[in-house]
There are 2 protein chains.
Amino acid sequence: MKHTPLVEKLIQSFTCLPGVGPRSAQRMAYALLERGRDDGRGLAAALNAAMDGVKQCRRCRNYAEQELCPVCQDPRRDPGLVCIVASPADVLAVEQSAEYRGHYFVLMGELSPLDGVGPRELGLDVLEARLNEGQIQELILATGTTVEGEATAHYVLDLAREAGVSVTRIAQGVPMGGDLEFVDGATLAQALRGRRPFSS
Amino acid sequence: MKHTPLVEKLIQSFTCLPGVGPRSAQRMAYALLERGRDDGRGLAAALNAAMDGVKQCRRCRNYAEQELCPVCQDPRRDPGLVCIVASPADVLAVEQSAEYRGHYFVLMGELSPLDGVGPRELGLDVLEARLNEGQIQELILATGTTVEGEATAHYVLDLAREAGVSVTRIAQGVPMGGDLEFVDGATLAQALRGRRPFSS
């Protein structure tokens, strides 16, 4: 004997989560069965509610439960400033910096023609329409530094130039609080190229 | 803004799983929303099915989806041999040794009067009745080596003696393939006390 069918199915289902292998999945299943059946039912309900109820914001493509996401609804946010990110998790990272008070545009991916991800899949036609509305003054690029991220950044740059909107990119350099000896060469090269005047 | 309410609820629900903190929970929620909504619904269905459908075997208290668990239903298993373990996960560990062909009795805990866990909560009245049926020839104790495990082992020993059933305990000593220098003192002391004649 190994597991009964329902337990086996539960363990196998847990392995769809990131960072969860067969052993962790087994531990999760047994923990819920032994002392958390109500927690298990609660998790199932939360999963169903989120999988069905979380949609995309009509304006910025971030997660939303209504037509517009909380950021796009917020009148205190500056609609002239739009930060371009690859995923909703990136929005969260920028929000946690507590530095940014503009809007976002979430691509939900990066350009990768070989995988069938073109401008349409990333909603770049929606972005183009918004750029042509004339409300946006500055686009801030915060896409990744991979090949796909760079390709996406350049595509967005072209769109913005056509619409006459200025484009900036978040600074690349050494991270705060990091020891220089642990910074990789490519980052350090970028930091040297991007050096700025220093004054007290 | 942080998360929308449904996403917040999902993240919070994930933290009920063992080994899942707020950051892993967030990663799980976003991974399912971004590229695994069907997996998420599947996990919810598996959770509901298991939480409601997994019951306890009438004879051995292990998990079962029918009256009896697969082990108790199996005619090739020796009903004269019963291994006492604390949890269903322990049954799995013993099964993986591929050494044991007897039955089990799963306590679903260990004696801990201060927490309100007495003999009744562990089904020891059920075990007593089975011992008095006369079919069991040997009880093998495989409870933990904590204070609660020891107390439980001694309680079961008394029950078995009254019924005239012989009791053994799984060997305690150094683990297979382990380097002696990494074995703790208490285990080594136990291994020395339990030394056995050696012959080629």
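In chain A, the C-alpha centres of domain 1 and domain 2 lie 34 Å apart. Domain 1 covers 5–53 and domain 2 covers 56–169, with bounds that come from an automatic or database domain assignment. This is a predicted model, where local features need pLDDT of at least 70 and side-chain atom pairs count only at pLDDT 80 or more, while totals for chains, interfaces and linings use all residues. Residues are numbered from 1 along each chain as its sequence is written, and side-chain values use heavy atoms, leaving out hydrogens and water.

| Chain | Residues in the contact |
|---|---|
| Chain A | 53 residues |
| Chain B | 53 residues |

The rule finds two salt bridges across this interface, a salt bridge being a side-chain nitrogen of Lys or Arg within 4 Å of a carboxyl oxygen of Asp or Glu. Arg41(A) pairs up with Asp52(B) in a salt bridge, and their closest N and O atoms are 2.8 Å apart. On the side of chain A that touches chain B, α1 (5–14), α2 (22–35) and α3 (37–53) are among the elements that each supply at least two residues. The largest share, 15 residues, comes from α3(A). Helices are DSSP runs (H or I, at least four residues), numbered from the N terminus.

Notes:
Chains lettered and ligands numbered in written order. Contact = heavy atoms within 4.5 Å.
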